[in-house]
Amino acid sequence: MSEFNTRKIPQELANSVNAMANLLAHIDKIHTTPKGAERIQRNLQLDTSSINAINAYCKSKIADKKCRCCKWGKNYYCEIDDIRLTINYSSYTIITARFVK
């Protein structure tokens, strides 16, 4: 696992205005798959396994004013409350979410 996957977003990449604006402009397209929902529920120890509830939870984290986002390679990375969401750049699919140090 690369160092980027286990640590917070580097300050020079954080708060990318373009990344955040693009995600918020397409918030209705952001979704996850059933496998992704299982992964997110397990990694974040959420009380629900409902894909709709997990989508809503992730969207609320992304829309929070404290959320920091950047685009790195083919993904967006959003961090808030020691949680990192990984979202595919082209499909807006939430791939995973995990706690970061």
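Buried means under 20% relative accessible area, exposed means over 50%, and partly exposed is what falls in between. Keep that scale in mind. Take D81: its relative accessibility is 45%, so D81 counts as partly exposed.

First, what we are looking at. This is a predicted model. The protein chain averages a pLDDT of 88, and 85% of the residues score at least 70. Helix α1, residues 3-6, has the lowest mean pLDDT, at 50. Helix α4, residues 51-63, has the highest, at 97.

Now the sheet. It is open and has 4 strands, in the order β1-β2-β3-β4, with antiparallel pairing. The edges are β1 (68-72) and β4 (94-99), and each of these pairs on one side only. On average, neighbouring strands are turned by 20 degrees against each other, direction ignored. As background, strands of a sheet pair through backbone hydrogen bonds, either parallel or antiparallel. Here, β1 and β2 pair in the antiparallel sense over 5 bridges. Within that pairing, R68 has E79 in β2 as its bridge partner.

Next, the helices against the sheet. α3 lies across β3 and β4 and runs at about 5 degrees to β4. α4 packs on the sheet as well, touching β2, β3 and β4. The direction of α4 makes about 105 degrees with that of β3.

Is G36 buried or exposed? G36 is at 0% relative accessibility, so G36 counts as buried. From G36 to I51 is 15 residues in sequence and 8.8 Å in space, C-alpha to C-alpha.

On to the charges. How many salt bridges does a search of the whole structure find? The count is 4.

Start with K66 and D81. Their side chains meet in a salt bridge at 3.9 Å, N to O. K66 lies in the loop between α4 and β1, and D81 in the loop between β2 and β3, so this pair ties together parts that are 15 residues apart in sequence. K66 counts as exposed because its relative accessibility is 57%. D81, as I said, is partly exposed at 45%. There is also a network here: salt bridges link K61, K66 and D81.

Now E79. E79 is found in strand β2, residues 75-80. Its relative accessible area is 5%, so E79 is buried. What does E79 pair with? One partner is R68, with a salt bridge between the side chains at 3.3 Å, N to O. R68 lies in strand β1 and E79 in strand β2, so the pair ties together parts that are 11 residues apart in sequence. R68 is at 18% relative accessibility and therefore counts as buried. Recall that E79 is also the bridge partner of R68 in β2.

Another partner is R84. E79 forms a salt bridge with R84, and the closest N and O atoms are 2.7 Å apart. The side chains of R84 and E79 also make a polar contact, at 2.7 Å. R84 lies in strand β3, residues 83-88. Why does R84 count as buried? Its relative accessibility is 2%, and the cut-off for buried is under 20%.

To wrap up, two places to look on the screen. One is E79, with salt bridges to R68 and to R84. The other is the network of K61, K66 and D81.

How values were computed:
Residues are numbered from 1 along each chain as its sequence is written. This is a predicted model: local features need pLDDT of at least 70, side-chain atom pairs count only at pLDDT 80 or more; totals for chains, interfaces and linings use all residues. Side-chain values use heavy atoms; hydrogens and water are left out. Buried means under 20% relative accessible area, exposed over 50%, partly exposed in between (1.4 Å probe, protein chains only). Helices (H or I, at least four residues) and strands (E, at least two) are DSSP runs, numbered from the N terminus. A polar contact is a pair of N or O atoms within 3.5 Å; within protein, one must be able to donate a hydrogen and the other to accept it, and residues adjacent in sequence count only if both atoms are side-chain atoms. pLDDT is the predictor's confidence in each residue, from 0 to 100. Two strands pair if DSSP finds at least two bridges between them. Axes are lines fitted to C-alpha atoms, for helices over the stretch in contact, and angles run from 0 to 180 degrees between N-to-C directions. Contact means heavy atoms within 4.5 Å.
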